Amino acid sequence: MNAVRVEAVKDDDAALPIISVTGLCAWFGRRQVLHDVDFRVDAGEIRVIIGGSGSGKSTLLRHLLGLLRPRKGDVSILGVDVAHADSHTLIDLRRQMGVSFQGGALFTSMSVGDNVALPLREHTDLDESTIRIMSRLKLEVVNLGGFAELMPSELSGGMVKRAALARAIVMDPKLLFFDEPSAGLDPVVSAELDELILKLREAMRMTIVVVTHELESAFKIADSITVLDEGRILLTGTADEVRASDNERIQDLLNRRPREVEVDADAYLKRLTGEVD
Amino acid sequence: MATEVARRKPGLVERIGRSTVGVADGLGYAGMLLFESVGYLLVGWRRGQPVRPRAIAEQMRQVGIEAIPIVLMLSMTVGLMLGIQFISALSEFGAESEVVIAVAKSVTREFGVLITGILVAGRSGSAFAARIGSMTVSQEVDALAVIGIEPVRYLVAPALLAMLVMMPMLTIFADAVGLLGAALYCSPILDVSISSFMMMAIKTLTFWDIGQGLAKSVMFALLITLVGVATGFGVSGGAEGVGRATTRAVVLSISSIVVADMIFSFFVNR
C-alpha cells in the first residue's frame with residue numbers, strides 16, 4: 001500500500017521539529033504493532049492521530065511520552081533522543097510535557113487542587129501559597145475554579161478530564177498530549193473540550209498532539225491529521241486532504257464502514273493455547 | 001488443523017520451563033525494585049528525586065501504628081496458647097517450671113515475628129498490591145512518570161523504608177505482649193506474680209534470641225514489600241485484575257515468609 005505523506009511544515013523548513021519519529025517499529029511479544037512509522041510535528045501545530053482500535057495509536061503515544069523505549073527506529077522529542085536518554089534526561093524532558101490521559105488518571109487519594117499542585121510541589125521551590133495560587137489559576141483556565149477542594153470521585157467525567165488538563169498545563173509545558181479527550185463524554189461536553197484545546201493553543205502557544213478516534217473532533221481542532229492503520233501511517237495531511245483521500249481504508253474509517261475481517265482460526269487458537277505470545 | 005492446535009496442551013517440561021522463567025523474571029524485577037528504591041533513599045535528593053519524609057511517615061503510620069491493635073490481640077492470644085500448651089506438655093514430666101524458658105525462647109525466636117509477619121502481609125502486602133495495582137490500571141502510574149516523578153521513588157521507596165523500620169518495632173511489641181499473655185496463664189499455676197514471670201523470662205533470654213526475631217523481621221519486611229509492589233505493578237485486566245493481584249500478593253508473601261523463616265531457622269540453629 002502506498003503511503004501518501006504530506007508534512008505540515010509551517011513557516012521554516014529548517015526549524016527543528018518538536019517531535020521526530022523515524023522508522024519506528026514496535027512489538028508485543030512476537031506481534032508487530034508498529035511498522036516503520038515516520039512522523040514529524042512542528043512547533044505550534046495541533047496534530048491529531050486517528051485510527052481504529054488496534055491501529056497502534058496508543059503504542060505510538062507511549063513511545064512519544066517516553067513510557068516505551070524504541071527497540072527499532074528513532075524517537076526524538078524536543079531534541080532528546082528517547083531511545084538513548086538516561087532517566088535523568090527523561091525526567092527533565094517530561095517536565096516540559098503535559099499529558100491528559102483517557103480516563104484523566106487523577107490521583108484518587110488527593111483533592112483536585114492537590115492533583116494540580118503536585119508537579120509544582122515536586123519540581124519547584126515555590127512556597128505553598130504561591131503553589132496554591134498557581135494551581136487555582138490553572139483550574140480557572142479549565143473552568144473548575146471552585147472545585148479545588150473536591151475529590152476526583154466527586155467530579156463528572158467531563159470535569160475529571162478538565163482537571164487532568166489543568167494538571168497537564170500547570171508547569172506551562174511546551175508540548176501537550178491528549179489521549180482520547182472525547183472518550184466517554186456527551187457531544188456538548190466533548191465540543192467544549194475541543195474549544196478549550198483551541199483556546200489553550202492560542203493562549204499558551206503550545207504544540208499539541210491529540211490521539212483520538214472521534215472524527216468530528218479531529219477535523220475541528222487539527223492543523224494536520226495522521227491516519228494510522230494496522231501499525232502503519234496511511235496519510236499525514238490537512239483535514240481536507242484526509243477527506244479527499246482515495247485510500248480505501250481511510251474512507252472506511254471516515255464513513256464508518258465495517259471491515260470484512262478474516263479470522264485466522266489457527267493463529268487465534270495458537271494465541272489462546274499460549275503457543276504464541 | 002485448528003482442532004489439533006486446540007487439543008495440544010503444554011507438556012510437563014514446557015510448563016516447568018515457563019514457570020522457571022516466570023519465577024526468574026519476578027525475582028529479577030523485585031531485585032530491580034529493591035536496588036532502585038535503595039538508590040532513591042540514599043541519593044535520590046541529588047538526582048532531584050527525593051523520598052519525602054512525609055510520605056515515609058504516612059507509610060509508617062499505615063503499616064505500623066494502625067497494625068498495633070491487631071498485633072496486640074493476636075500476640076496476646078498466641079502467648080496464652082503457648083502458655084497452655086507448654087504447661088500441659090511439661091507437666092507430664094513434672095517440669096512446669098521450665099515453661100518460662102520454653103515460652104520466652106519460642107516467642108522471641110519464632111512466634112512473635114511470624115505472627116507479626118503474617119498480619120503485616122495480610123494488611124500491608126495486600127494494600128501495596130491493591131494501591132499500586134489500581135493506580136496502574138487507571139494510568140496513575142503512567143501519569144506519575146510523565147509528570148516527572150519516578151513511580152519507584154514515589155510509591156516503593158517510602159513503603160520499603162517504613163516497613164524496614166516498623167516491622168522490627170512491631171516484632172518487639174509482639175514479643176512483649178506474647179510473653180505477657182503466657183504470664184497471664186502461667187503465673188497463677190507457677191504461683192509467681194506476672195511481673196516475676198516476665199523478669200524470669202527476660203533473664204533467660206540472650207541477645208541472640210531477640211536478634212533472631214529482629215533479623216527475621218527485616219527479612220520479612222523486604223519480602224512483604226517487594227512481593228506486594230511487584231504484584232501491583234504487574235496488574236492487568238481492570239478491577240478483576242486488581243482483585244486477583246491482591247489475593248496473589250497475600251498468598252505469595254505469607255508463603256515466602258514462612259519458607260524463608262524455615263530456611264533461616266535451619267541455618268542459624270544448627
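Which residues is A:Arg162 in contact with, leaving aside its neighbours within four places in sequence? Select A:Arg162 and display A:Val142, A:Asn143, A:Leu144, A:Leu193 and A:Leu196, which are its contacts beyond that range (heavy atoms within 4.5 Å).

This is a predicted model, in which local features need pLDDT of at least 70 and side-chain atom pairs count only at pLDDT 80 or more, while totals for chains, interfaces and linings use all residues. Residues are numbered from 1 along each chain as its sequence is written, chains are lettered from A and ligands numbered from 1 in the order in which they are written, and side-chain values use heavy atoms, with hydrogens and water left out.

**Stop 1: A:Arg162**

A:Arg162 is found in helix α5 (residues 157-169) of chain A; helices are DSSP runs of H or I with at least four residues, numbered from the N terminus. A:Arg162 counts as buried because its relative accessibility is 17% (buried is under 20%, exposed over 50%, partly exposed in between, with a 1.4 Å probe and protein chains only). From A:Arg162 to A:Leu196 the C-alpha distance is 9.0 Å, across 34 residues of sequence.

**Stop 2: salt bridges**

Next, select A:Asp114, A:Arg121, A:Glu128 and A:Arg132, which are linked in a network of salt bridges (a side-chain nitrogen of Lys or Arg within 4 Å of a carboxyl oxygen of Asp or Glu). In the bridge between A:Asp114 and A:Arg121, the closest N and O atoms are 3.1 Å apart. For A:Glu128 and A:Arg132 the corresponding distance is 3.5 Å. A:Glu128 and A:Arg132 are separated by about one helical turn, because they are 4 residues apart in helix α4 (residues 128-141) of chain A.

Then move to chain B, where B:Glu66 and B:Arg123 meet in a salt bridge at 3.7 Å, N to O. This pair links distant parts of the chain, 57 residues apart: B:Glu66 is in the loop between α3 and α4 (68-91), and B:Arg123 is in helix α5.

**Stop 3: the largest pocket**

Select B:Tyr29, B:Ala30, B:Leu33, B:Ala230 and B:Phe233, the closest to the centre among the 46 residues that line the largest pocket. A pocket is an open set of points on a 1 Å grid over the protein atoms alone, where a 1.4 Å probe fits, with protein on both sides within 12 Å along at least five of seven lines; lining residues have an atom within 4 Å of a point. The largest pocket holds about 1600 Å³ of space. Helix α2(B) gives the most to its lining, with 13 residues.

Terms used:
Points joined across faces, edges and corners; volume = space filled by probe spheres on them. Helix = DSSP H or I, 4+ residues; strand = E, 2+ residues; numbered from the N terminus.
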